[in-house]
Amino acid sequence: MQNDEIVEKLNELNKTSSLLDIPETERKGMIQKVSDFANRFISGLSTVRGFFDKDAGPVGIDNQPHQLSEIIDLYQREVAGTGINAAAGTHLGYIPGGGVFTAALADFMAAVTNPYAGVYYASPGAVAIENEAINWLKSVFSYPKSSVGNLTSGGSVSTLIAFTAARDKHQVKNERIPKHVVYLSDQVHHSTQKALRIIGLEDVVIRHVALDDYFRMKPDSLESIIQKDIAEGLIPFLVVATAGTTDTGAVDPLNEIADVAEKYKMWFHVDAAYGGFFILTSKKDLFAGIERTDSIIVDPHKSMFLPYGLGAVLIKDKKAALHSNHYETNYMQDAAGDDLVKSPSNLSPELTRHFRGLRLWLPLQIHGIEPFITCLEEKLLLVKYFRNRLADLGFCLGPEPDLSVSYFWYPFETDADEKNKKLMDEIHADGDVFLSSSIINNRFVIRIAILSFRTKKEIVDRAVAMIERCLAKVK
Ligand SMILES: *Cc1c(COP(=O)(O)O)cnc(C)c1O
């Protein structure tokens, strides 16, 4: 092909290929439409239902162009209008967070500018922001400057990174695997066992440590199991504590567990995915000892109310963290001179990644820290308020939680489990406020997790009114 022919063909192709690069006037209109949608959505949150118990309609791709307004309508109907409304303060199930608006602005800016946030050389500015976010987290948890960290998609991936470092530091491989023991509580999040499996440690020995009446791990029980295991020729390897359990809102006694972990030279990991940022509140003392752990996971998409897709991991032993994640290759040679831990890709399975540091950094720059802390204090009080109101209605309550997750059940005289299940079904069918259930001490219970920054007293009152309404139907 001659060049004049090529140029003619290129001009022809450009008519369609340039459609992806939208001109400014059209951009303005599109941004306006999305902005109108966002404003309508957010303004409606105070009155909208918490749960739409229905399936989504078709959202298939037909490879044809459509109008943005048509697609926004589809999104409103099939996404915003089905399932749990996780942006609303009426989401009181699982572990809610809400999704602060300024993080959405950060995501927009990050996606528009598309910096390469995995490698320092490629975007020193974006990676500096990622690393300042990690530095900030280190200061929150009193971790040393020499520790390392990574922003991940969430707690599950953070756990993978932490456990892999622990595995490699302790050389838990091959025939050594079934000799190594992991200690955890019955209240540990299932992502813990899942991570062990994914990283090839399915065959480690798992011990469940006894819990006190508040679902906190008993350090003396931990130590006596360890001694028994050592006597049997096993090797204590990893202890997993939780700072804020998913079902019961409990914080394990970190200082005492740290004593045991140090004594037996184990890796001490704390899962603070849900509870971590309560360290900034009046509950600070419960977190004493967290600075003595070897690794921490925490989810800013939970107790910092950011939109889903932001977790973090901190690891003290830089060498262990690098060992499993750092790899040199020819096509990365231009980036090789960097200080290794400067680049997020050396501390994570990811190479190319979303510039997620901005969605933590920008909200902190705009709001400062105070509103975040105040929201958390508010949630602690709201749980107390909710419990008092339910007690007045004759409900039984789980023990006073350390943080903002609690549970309850109605003491029906007969078939209590079945009737509480029915009560849960009625609550889901009502849908004004969303709650979830669990099984605790072999009893069917209904959980309340108050964490969304948008959950206020009025919504807790709505929850109580709904529970009363549904109870009347079951009684
Ligand atoms: C949510 C949660 C996890 C898992 O985190 P994801 O971000 O959902 O992957 C782990 N541990 C605890 C205690 C949690 O609440």
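An N or O atom in the side chain of Lys302 is 2.9 Å from an oxygen atom of the ligand, a polar contact in the sense of a pair of N or O atoms within 3.5 Å (within protein, one must be able to donate a hydrogen and the other to accept it, and residues adjacent in sequence count only if both atoms are side-chain atoms). A polar side-chain atom of Ser156 lies 2.6 Å from a ligand oxygen atom, while Gly155 places a backbone N or O atom 2.7 Å from an oxygen atom of the ligand. On its own the ligand has 370 Å² of accessible area, of which the protein covers 86%; such areas come from the Shrake-Rupley method with a 1.4 Å probe, and for residues only the protein chains shown count as cover. Helix H6 (155–169) and helix H10 (300–303) are the elements that give two or more residues to the shell around the ligand, where helices (H or I, at least four residues) and strands (E, at least two) are DSSP runs numbered from the N terminus.

This is a predicted model, in which local features need pLDDT of at least 70 and side-chain atom pairs count only at pLDDT 80 or more, whereas totals for chains, interfaces and linings use all residues. Residues are numbered from 1 along each chain as its sequence is written, and side-chain values use heavy atoms, with hydrogens and water left out.

Around the ligand there are 14 residues, of which Gly155, Ser156, Asp271, Asp299 and Lys302 come nearest; a residue is near a molecule or strand if one of its heavy atoms lies within 4 Å of it. By class this shell has three nonpolar, eight polar and three charged residues, with Ala, Val, Leu, Ile, Met, Phe, Trp, Tyr, Cys and Pro counted as nonpolar, Asp, Glu, Lys and Arg as charged, and the others, Gly among them, as polar.

The largest pocket has a volume of about 1,300 Å³, and 37 residues line it, with Val34, Phe37, Ala38, Tyr75 and Ala104 nearest its centre. Helix H2 (24–44), helix H3 (68–80) and helix H4 (101–113) each supply at least two residues of this lining, and H2 gives the largest share, ten residues.

Four strands form an open sheet in the order S10-S11-S13-S12, with antiparallel pairing, two strands being paired if DSSP finds at least two bridges between them. Strand S10 (396–397) and strand S12 (436–440) stand at the edges with a single partner strand each, so one side of each is left without a neighbour in the sheet.

Notes
1 Å grid on protein atoms, 1.4 Å probe; cavity = no way out; pocket = protein on both sides within 12 Å on 5 of 7 lines; lining within 4 Å. Points joined across faces, edges and corners; volume = space filled by probe spheres on them.
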